[in-house]
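Here is a short briefing on one protein structure. Look over the sequence and the model first, then work through the points by topic.

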Amino acid sequence: MQVLLHVLLHIYSTGQKFGNITIFNVFERSLFCSSSLHLFDQKYRKNKETSFKNIKNSNVSKLLTCTVYIFDFVLKISEEEPEIVPLLTPQEQLELRAQKLTEKKLHMASLSSAVLADPHVNIKKLKELRAMLMETDPCVAVTVRKLVMVSLLEVFKDIVPSYRIRPLTEEEKAAKVKKETLQLREFEEGLVSQYKFYLEDLEQTVKDWKQKKQKRSQAVSLQSYKGLAEVAIRCICDLLVALPHFNFHNNIVVMVVPLMRDSVKKVSEMCCGAVSKLLKQDKLGQASLAVVKVISGMVKGRNYNVKPEVLNCLLCLRIKEVEMRKDTEDTAPKKKFMSFKEKRTNLSRMQRKWKKAEEKLQKELLEAEASESKDKKIKLHTETLNIVFLIYFRILKKAQKSILLPSVLEGLARFAHLINLEFFDDLLSVLYGLITSGDLTYRESLHCILTSFHILSGQGDVLNIDPLKFYNHLYKTLLTLHAGGRNEDTAIVLQCLDVMLTKRRKQVTLQRAQGFLKRLSTLSLHLLPDSSVGILAANRALMHTFPKCDILLDNEMQGSGVYLPELDVPEYCNPQNTALWELHLLKRHYHPMVRKFAAHLMKGAPSEGSGALSMELSRRTPVQLFEDYSVKDMSFNPPVAGPPSKKKEHFTIGDAFLDSELKTLINAALQNESELTSLDFTSQQTQQETRMTAN
């Protein structure tokens, strides 16, 4: 008793606490027990001579009262017998868990149904449903939390309005409103608050998984946090796509974009897919601008150490169509109205009156077309595109050896027609420097060539730039195209050929077209069937674009010199002095489509007649044909027909082939024959036995 009193007096006089609890709320929280007293007795055994001079009598009486209560509580605990919990078998534990889980599911279903049935009245039940995210029963905690996350997701997707809810001003709060308006305000306020708390819970779940924090309740183990975090991330991604107009969407973007570079492949793919889907369906441009800003900051902050999939998402931006319409509107001639002098000279009084009314109507229509939303959309798209080009140019300048370079080149090829003319010359110089450096892979060099010609085919037509070096590089590297299973580069080669030769037919000489035609025919010999079909389709387009290429179907020489296949310049390799002998080999190819295209080219690629292709094949582009007959699954396309059946076909004459009279005679003859000849085998055996006995 003396030791305990000394301890309590020392704690009170020095203001010490037991954890975060003072001595006067120890008894209330039931934290003192016999083990605690034993520890305090050992700790303060040496400090028995505690000074009581600074302690008031009232405090001593309070302290003694508290001590008596504590001793009574300790004695009561010591006298009670420990409760014996019966042990359950594994089967009983599973049944108990299933029972608890069913109860929780029913409770979730009732709360969700009530909110969906009447959201304005039952909005407060969202709080009760959200409270189930803090489930503490270790038996069902993980499953219940996952189900609550998904349930809240579906509820919010259903009850969230199609507009952004703004906070009320002080004047609006003080003003008197109708009962319906007041109820709507309460619903909106409750919805926004619960939605905010739900997002915070999801974010905290992901943070706990990333930081590997373990809660004090121990309801969920660290191993289970990964599954919880994946469900939380899936819910966040669904909200990103489903509710881009609602509150806190920018906060969701800030949560999702950093997870696009996550080390867990499933998480990164989920987030990249959600961002791509958002950019594809975004028509206004606000969500796209927010996403691009966060991606730009992340790429710069991480020193360009991000996954290529992050930049590949930018290819889904819907900017090309809107900007193209804007360009056509800017370049289109504007309608001019007649001056007063022209009207007075050319029109009568009545015509001037009608003309005035018509011009007034035209002005009103023009004002209606130039709406504020359209201008705002164009402004947002312009700002978004500027940030995208800023990302691309930074990587081209500072991280040319980064794994992001193919994505950058592909993005430049997609949006090259929107680049300012001032950057064209410098950008082409940078791209050619990358090609000639030798540090790029074959796929990256193809992207450089494709980007360059996309630039030149758009606004670059007005520039006096000769892309001969790009033609020579592609011609030189065509034979290095991979002939194995990974032939995705063929699609890029076909796109380059279309942009470089078909769409720029006026800037391409006949010798250059013939050189490419001959090299492509040689290339088609050692490629897989799908690539060969695409290359032969490109040759067909070349022969239609440059009809004089049909001289390669003849074995007569045109002019002097011989064909030099090892020369890397198509104009000077004398392609007119050779023939497409490769078509004779391809005509015996094992793939039926390759044989069909080879025979079609041998006849001069006619558009109609006996050697023409079907309408379906003739309308498809080389890239589409390459994808249609793809062998990436290592299967024959089209499938090989099975062997013919070896069973002999028996021709049986049925009743349908007989005349009615003839059929009657046949049936009668067969009946008489059966009556005359009876199959009695016993009589024959008895005759043989009698003969043997007689002998």
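**Salt bridges**

At 30% relative accessibility, E203 counts as partly exposed. Buried would mean under 20%, and exposed over 50%. Keep in mind that this is a predicted model. E203 has a salt-bridge partner, K207.

*A pair within one helix*
- The side chains of E203 and K207 meet in a salt bridge, at 3.6 Å from N to O.
- K207 is partly exposed, with 39% relative accessibility.
- Both residues sit in helix α9 (residues 179-211).
- They are four residues apart there, so about one helical turn separates them.
- An α-helix has 3.6 residues a turn, so residues three or four places apart point the same way.

- Which side chain meets E571 in a salt bridge? It is that of R512, at 2.3 Å from N to O.
- E571 lies in the loop between α25 and α26, while R512 lies in helix α24.
- The pair therefore ties together parts that are 59 residues apart in sequence.
- Are E571 and R512 buried or exposed? Both are buried.

*A pair with an exposed member*
- R166 forms a salt bridge with E172.
- Their closest N and O atoms are 2.7 Å apart.
- R166 counts as exposed, because its relative accessibility is 52% and the cut-off is over 50%.
- E172 is partly exposed, at 22%.

**An enclosed helix**

- How many of the ten residues of helix α22 (residues 468-477) are buried? Seven are, so the helix is largely enclosed by the rest of the structure.
- The buried residues are F470, Y471, N472, H473, L474, Y475 and T477.
- These residues pack against four helices: α20 (424-437), α21 (442-457), α23 (489-502) and α24.

**The largest nonpolar core**

- The largest nonpolar core has 159 residues.
- Within it, L191 and Y198 touch the most other members.
- Helix α10 (residues 225-242) gives the largest share of this core, twelve residues.
- In soluble globular proteins, nonpolar side chains tend to be buried together.
- Beyond its neighbours within four places in sequence, L191 is in contact with I123, L126, F156, I159, V160, P161, I165 and F246.

**A buried loop residue**

- Where is N577? Its place is in the loop between α25 (529-545) and α26 (582-586).
- N577 counts as buried because its relative accessible area is 10%, and the cut-off is under 20%.
- A polar atom of the N577 side chain lies 2.8 Å from the backbone oxygen of G561.
- Leaving aside neighbours within four places in sequence, N577 is in contact with M557, Q558, G559, S560, G561, V562 and Y563.

**A nonpolar surface patch**

- Which residues form a nonpolar patch on the surface? They are L525, W581 and L585.
- Together they have about 300 Å² of accessible area.
- L525 is placed in the loop between α24 (510-523) and α25.
- With 32% relative accessibility, L525 counts as partly exposed.

Methods. Residues are numbered from 1 along each chain as its sequence is written. This is a predicted model: local features need pLDDT of at least 70, side-chain atom pairs count only at pLDDT 80 or more; totals for chains, interfaces and linings use all residues. Side-chain values use heavy atoms; hydrogens and water are left out. Helices (H or I, at least four residues) and strands (E, at least two) are DSSP runs, numbered from the N terminus. Buried means under 20% relative accessible area, exposed over 50%, partly exposed in between (1.4 Å probe, protein chains only). A polar contact is a pair of N or O atoms within 3.5 Å; within protein, one must be able to donate a hydrogen and the other to accept it, and residues adjacent in sequence count only if both atoms are side-chain atoms. Contact means heavy atoms within 4.5 Å. A nonpolar core is a set of buried Ala, Val, Leu, Ile, Met, Phe, Trp, Tyr and Cys residues joined through side-chain atoms within 4.5 Å. Patches are made of residues with over 30% relative accessible area and no salt bridge: like charges are joined within 9 Å, nonpolar side chains (Val, Leu, Ile, Met, Phe, Trp, Tyr) within 5 Å. Accessible areas come from the Shrake-Rupley method with a 1.4 Å probe; for residues, only the protein chains shown count as cover. A salt bridge is a side-chain nitrogen of Lys or Arg within 4 Å of a carboxyl oxygen of Asp or Glu.
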